[in-house]
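I opened this model to record its backbone and surface features. The entries below follow the order in which I looked them up.

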Amino acid sequence: MNLKSWGIFLLFLVLFFQIVDNKAQTFHKSYTISWEEPLSFTPDEDYSIQFLHFDGAISSENFPALPLFYDKLPVNNFCTEVTAILQNEKYITLTES
């Protein structure tokens with residue numbers, strides 16, 4: 001085989017193994033939210049707003065009073081769909097303290 005044939009053959013092998021390696025990725029992550037005292041904002045002396053807060057929380061322009069959390073996970077080049085499954089969630093009643 002000449003050099004051009006070897007090049008085409010190697011290119012085929014690389015593409016073949018990338019496609020064959022296109023198996024599902026699985027990530028197992030565990031997060032625990034530690035609630036902190038609400039943040040307080042006083043726009044004027046007669047009015048105060050409290051915001052829920054936890055360690056690592058960020059805010060959003062659309063919902064500034066609600067804390068948000070996100071995490072970035074790497075995905076392979078051929079990823080076309082992502083599914084997240086929340087398991088063992090624990091909820092508590094929100095009370096004013």
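I located N88 in the segment after β2; here helices (H or I, at least four residues) and strands (E, at least two) are DSSP runs, numbered from the N terminus. I noted that N88 is not a glycine, yet has a positive phi of about 55 degrees. I then looked up its accessibility: N88 counts as exposed because its relative accessibility is 71%. The classes are buried under 20% relative accessible area, exposed over 50% and partly exposed in between, with a 1.4 Å probe and protein chains only.

I recorded the conditions of the entries: this is a predicted model, in which local features need pLDDT of at least 70 and side-chain atom pairs count only at pLDDT 80 or more, while totals for chains, interfaces and linings use all residues. Residues are numbered from 1 along each chain as its sequence is written, and side-chain values use heavy atoms, with hydrogens and water left out.

I examined the strands next. β1 (residues 39–44) and β2 (residues 47–51) run antiparallel and are joined by four bridges; strands pair if DSSP finds at least two bridges between them. The two form a hairpin, with two residues between them. Within this pairing, I found F41 opposite I49 in β2.

For the whole protein chain, I noted that 5% of the 97 residues count as buried.
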